[in-house]
Amino acid sequence: MATQIPPSHPSALPRTHDPNNNGSGCSVSNHLPVRRKAEDHPVLALLDDHRRLDADGIRRIHARMLRLGLLGHPYSASRLLAACSLSPSPDLRYARRVFDHIPAPNLFTWNIIIRAHASGPDPRLALRLFSSLLRHSPHSPDKFTFPFAIKAAAELAALREGAALHAMVAKSPLLRSDVFVLNSLVHFYAACGDSNLSLRVFEKIPERDVVSWNSAIAALAQGGRWDEALQLFEEMDDGENVRPNDVTMVSVASVCGKKGDLELGKRLHSYIERSDIKQSLVLDNALLDMFVKCGSLADAESLFDGMTAKDSISWTTMLVGYAKSGQFDAARRVFDEMPRRDVASWNALISCYEQSGRPKQALDLFHELQRADATPDQVTLVAALSACSQLGALELGCWIHAYMEKKNLELNCHLTTSLIDMYSKCGDVDKALHVFGRVSKRDVFVWSAMIAGLAMHGRGREALDLFEQMQEAKVEPNTVTFTSILCACSHAGLVEEGRRYFSQMLPGYGVSPTADHYSCMVDMLGRAGLLEEARGCVEKMPMPPGASAWGALLGACAVHRNVELGELACKQLLELEPRNHGAYVMLSNLYARSGKWDAVAMLRKLMKDGSLKKEAGCSSIEVDGVVHEFLVGDISHPMKEKIYLQLEDMASRLKAAGYVPNRNLVLQDVEDDAKEKALFLHSEKLALAFGLVTTCSPAPIRIAKNLRVCDDCHSVAKLVSGVYDRNIILRDRYRFHHFSGGSCSCMDYW
């Protein structure tokens, strides 16, 4: 006879996933003196401090729970899932596998996994899990589920998905008045760039808490509605129920910084101190950033010195403040004093150097970063490539490109644009075309950069052909694209094409011509000698003509020796920019070419009396990865003896080839011999002589000039390319000149 097992014996329990379930839905744990409740099992106590557990520790606890059969209980399973998902360094793939093996996850478990993925690297997975909850679970999402799903939509700026979530919320009487759900919607619409909808949701919240106000103020601040954000802050402050906190102050400080309103920023700082608002590192950093953006380094220094805690953001903010105010020594001192430098700190100083016209210092710091074994990121590489572009440092730019390929860095559109720009500005437009041809992702900036590259090298027809390909690829041109197109027409003398594209901008492409586009047209017409039409273009501009338009007209008058119109253009230009030394220089060139030496002397006296100095010409040349810079009459280079001997050889051989110095370009009324000597000391001629000394054919000589190359240097470069049988690539402020066999790619049209 079989032994009957009493119901109280553990073996009598049905074999289900939940050892505490008697099959009828009722818990039998109270009747099991020898079996613990699952939620009281000591193994779960190991998960209490899951934030200190590493991945191996969680896996060991998981294994023990499997052996003990605890994962069939919803509470136990959710505890393990929380440990996997919400630890400081969560393994979401492992968490998802744990979740998939839970037989019947309850709503709390669903919320954990959705929450984890909403904050994870791929928020799309959170939305997919939310969809699975709707389709495959008996549970309905609650007031905790929706904020997590809406957060995922906000992270993705997924307007359609978020609006669908909003519609579901609106259908629920409980959810549509829940402050937590509505707060998440306020944040969501702000993240999607729709501050109007964000504010509409805010206005419908029946009982707003501090998060509601903070979200709405932040939405207005992010949407550029700064005055409205400040007004909403005043409404919040005047109310009785909700008081501003440190998070509120972060948004308001951001608004003050963006407005550049120092007085308001100081009042805000005083308000924070009076109101006993909790100080935090985040708030201190926001105030520091506000003072820097308002241009008050004294207030920033005072706050920085008094901060009890500082992080890399604090140090970097001060560094940027000093650099943007031109105090580069102070910026470097802050950088050197930083207790720990992350890549963002390196990027900040490299970018400040590069954006402030100090590309050599930017590249020196980039080399220092490499020696420090720091790893450059995308921002570093973009800044370094831009510095290479400014200097014409092709070898270093090629090294950066090779580094990116070695590290298998994905060429996104930002990096692609930077590479194309670097190769184009360093004189290797064919390599730029190679990069362009290899990438599959091309946004409007990639296309525009390549069109600009062809334009600056005088390959106007190819630039226009590429523009046609861009339209075939269904990429809409923008204002930058049309600037490049009009420059291409200007440099190549394609006047009819330029007129056509300019007239089609608004009706054909929906792009309104800006002042820059009109300036391009003036330049194009002026270069072609159509001075009256160029003048008419300036006078018919729908906006007040700017300095660039009058400057283009003045430059054209200097080339074509139209003194009367040149004087008019110069007068208009100086009314806009009284200290524009370039205007005086161009008019002086015009007078000199016309033999009006008295007028030249008068202009020189005006410049001297006004303490105006002509911008110094500077030419750079890269040899073996080192950039060498030369000024006019430079004698500081270690190889100066060889350089000047080469200059003498150049003068002798070029005169034998028929070279006649263009003495009219020397603005002083001095003897001819002195004029010839002055001409041969131009910075580009020194760089050219250095290139002949240090490089050999067939390597081209690549020179970058900060100003427009003068007529005489252009003639010399042509002759050198023939006499010495060298290819020379010279970049001036406006375009490239490719010299070979005694001729130039610009066909003397520049």
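At what angle do helix α10 (residues 195-203) and helix α11 (residues 210-222) pack, and how far apart are their axes?

**View 1. Packing of α10 against α11.** The two helices pack at an angle of about 160°, and their axes are 9 Å apart. Axes here are lines fitted to C-alpha atoms, for helices over the stretch in contact, with angles running from 0 to 180 degrees between N-to-C directions. Ser 195, Ser 198, Leu 199 and Phe 202 of α10 make the contact with Ser 212, Trp 213, Ala 216, Ala 219 and Leu 220 of α11; contact means heavy atoms within 4.5 Å. Helices (H or I, at least four residues) and strands (E, at least two) are DSSP runs, numbered from the N terminus.

The model is predicted: local features need pLDDT of at least 70, side-chain atom pairs count only at pLDDT 80 or more, and totals for chains, interfaces and linings use all residues. Residues are numbered from 1 along each chain as its sequence is written, and side-chain values use heavy atoms, with hydrogens and water left out.

**View 2. Packing of α26 against α27.** Helix α26 (residues 460-472) and helix α27 (residues 479-492) have axes that come within 8 Å and cross at roughly 150°. That makes the pair roughly antiparallel. From α26, Gly 460, Ala 463, Leu 464, Phe 467 and Met 470 meet Thr 481, Phe 482, Ile 485, Ala 488, Cys 489 and Ala 492 of α27.

**View 3. The largest nonpolar core and a second one.** A nonpolar core is a set of buried Ala, Val, Leu, Ile, Met, Phe, Trp, Tyr and Cys residues joined through side-chain atoms within 4.5 Å. Buried means under 20% relative accessible area, exposed over 50%, and partly exposed in between (1.4 Å probe, protein chains only). The largest core has 199 residues, of which Met 65, Leu 268, Ile 400 and Leu 553 touch the most other members. Helix α31 (residues 547-560) supplies the largest share of this core, nine residues. A second, separate core has 30 residues, including Val 623, Ala 689, Cys 713 and Cys 746. Neighbours within four places in sequence aside, Leu 268 is in contact with Met 249, Val 252, Ala 253, Cys 256, Leu 287 and Met 290.

**View 4. Helix α30 and its cover.** Leu 531, Ala 534, Gly 536, Cys 537 and Val 538 are buried in helix α30 (residues 531-539). The elements covering these buried residues include α29 (515-527), α31 and α32 (563-576).

**View 5. Thr 316 in α17.** Thr 316 belongs to helix α17 (residues 312-324). Its relative accessibility is 14%, so Thr 316 counts as buried. The Thr 316 side chain reaches the backbone oxygen of Ser 312 at 2.7 Å. Apart from neighbours within four places in sequence, Thr 316 is in contact with Met 338, Ala 344, Ser 345 and Ala 348.

View 6. Ser 697 and Pro 698 are joined by a cis peptide bond with omega of about 15°; Pro 698 lies in the loop between α37 (683-694) and β3 (701-705). Asn 408, not a glycine, has a positive phi near 55° and sits in the loop between α22 (394-406) and α23 (413-425). Asp 624, in the loop between β1 (618-623) and β2 (626-631), has a positive phi of about 55° although it is not a glycine. Asn 408 counts as exposed at 68% relative accessibility, as does Asp 624 at 67%.

How values were computed. A polar contact is a pair of N or O atoms within 3.5 Å; within protein, one must be able to donate a hydrogen and the other to accept it, and residues adjacent in sequence count only if both atoms are side-chain atoms. Angles under 35 degrees count as roughly parallel, over 145 as roughly antiparallel, 65 to 115 as roughly perpendicular and the rest as oblique.
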